Amino acid sequence: MPAPSRPRKRPTIIVGSVDNSSSSSSSDDEEDEEEVEDTVDDEDEEKGKGRNGSLSGKGAGKKAPAIIISLKKVCKVCKEEGHQAGFQGANYIDCPRKPCFLCKMPGHTTMSCPHRVALEHGVVPALRKNKQTQLDYVFERQLMSQIPKIKPTFVIPDKLDRGVVKLHSRRVTSLEFHPTMNSVLLSGDKKGQIGIWDYSKPNEKTVYGSIHSCIVNNMKFDTRNDIMLYTSSSDGTISYTDLETGIGVLLMDINPNGWNGPSTWRMLYGMDINLDKGLLLAADNFGYLYLFDTREKVKIGESILIHRKGSKVVGLHCNPTQPDLLLSCGNDHYAHIWDIRRLETQSFLASLAHGRVVNSAYFSPHTGSKILTTSQDNRIRVWDSVFGNLNLPSREIVHSHDFNRHLTPFKAEWDPKDPSESLAVIGRYISENYNGVALHPIDFIDTSTGHLVAELIDPDLTTISPVNKLHPRDDILATGSSRSVFIWRPGGLKVEDKEVERKKEIIFCNTGKKSAKEKFNESDDDDDGDDFPSKGKNKQQKKYGGKSDKAGSSKSKIVKI
């Protein structure tokens, strides 16, 4: 009879961790490994001994393999071992090998950064030549002090009023208010869906899922027909959609040959409409600008290189009072001012340099004389006069919006109702510790001084809010946070000269198992990549203004908090 086979020795798995108080050196690790191996050898010898205590059989003199797993601390910032950095709960721990995460300067930590203590720290007007006359000095000394300041008091929508949790299946990427229906908000997401929500009737919401196949980067209404919407997407198309039926007309497709790999796929990011000239302008991820005639519905000429070749043009904005001026920005670290009447490569009127990628650039909403930009170097830059010296900004405001997650880029936007053209809103990346809870505020900033006017928080909203849009007529702020959409209003509701606290009204979508007492938080990260979904999927559509959710969803639940 053949000899019975001996059971195979299973490897010993040993998990070790490194203490926070001391960083282990290579010699300590070697000593630990030797001790582990000695222990394994002793155990093997005990198992390999026969009844007389001697080693016998095929296992004599052989060692069982040992698998050693060491849980060493690895820094998320510099990827080195021996220390940790990043967010620990509500606090941010700095990497000792990197400068301050907020202002990017060495010599202090992020928690003690002077710009974190006071947002207006170091905000001073840029040096400019003195061109004042004697009459200007007389005016300032004798008359200026007698003129009252006409700058209005800012009205801040600082209380979370209502919201729809998980309205979208991917993170929200754009928001737009309806030009005539005050309570209708439109939202686009990473999957290419467009949501329509009448927040005066919280259950009236619709999601169209067949307009684009991936990220909706911009939405603009047709001012001549406010039920029609222009949208640009990373699928390389511009759509003209009827919001009542959800049926879109393809106006432009810059990838007529379909998918041929990521190196040739063109995505449309920046988009704006020039009402005076009847032009729709869009820009792609290769640095090119496209012109489209909105009256004839035809493309005009060939594409024009307006930023460095191969760089992404993420923003376009037409001047509201000087229709011939166009402002563009991209990830080549520049914002450019153009004359639309003579658009040619390198023909820009002015070039505004930045330290890193420029997320957005906007003219001021009323006069168009100021410029507001947001850059990934944690700087908000303001130019007080578009017709003055543009070599340096009038002021730089340090603000936390540099991120290392799958988020929609932060963009500082003007308040369209502010006649002084100084109030701007932007979400904040670095969290603050509010009673032990890490919250990411939404900041209102006075761009004329760098002063933090208000920071909006809600203890139940723990996700990051990178997409924010102020209402053009009402004191309302819309926020896109992860897959959800929220509405903020000024705190306190006056009834017979008495302030009554308004209760939050939250709608949960696809939440059959969710408790009404549960917080409406979710993950910020959307790490499914920017891959393009397969086209041609049949997606159901729903009529604009319907009372049901998107196709296939369960009944929504309204919770008042």
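This is a predicted model: local features need pLDDT of at least 70, side-chain atom pairs count only at pLDDT 80 or more; totals for chains, interfaces and linings use all residues.
Local features need pLDDT of at least 70 and side-chain atom pairs count only at pLDDT 80 or more, while totals for chains, interfaces and linings use all residues. Residues are numbered from 1 along each chain as its sequence is written, and side-chain values use heavy atoms, without hydrogens and water.

Start with the whole chain, coloured by secondary structure. The protein chain has three helices and 38 strands (DSSP runs numbered from the N terminus: helices are H or I, at least four residues; strands are E, at least two). Of its 561 residues, 48% count as buried (under 20% relative accessible area, 1.4 Å probe, protein chains only).

Next, select Glu176, Lys220, Asp272, His317 and Lys469. Of the 48 residues that line the largest pocket, these are the closest to its centre. A pocket here is an open set of points on a 1 Å grid over the protein atoms alone, where a 1.4 Å probe fits, with protein on both sides within 12 Å along at least five of seven lines; lining residues have an atom within 4 Å of a point.

Then show strand 6 (172-177), strand 10 (216-221) and strand 14 (268-274), which are among the elements that give two or more residues to the lining of the largest pocket.

Finish on lysine 469, in strand 32. Is lysine 469 buried or exposed? Lysine 469 is buried, with a relative accessible area of 19%. Leaving aside neighbours within four places in sequence, its contacts (heavy atoms within 4.5 Å) include Glu176, Glu413 and Leu477.

Key. Buried means under 20% relative accessible area, exposed over 50%, partly exposed in between (1.4 Å probe, protein chains only).
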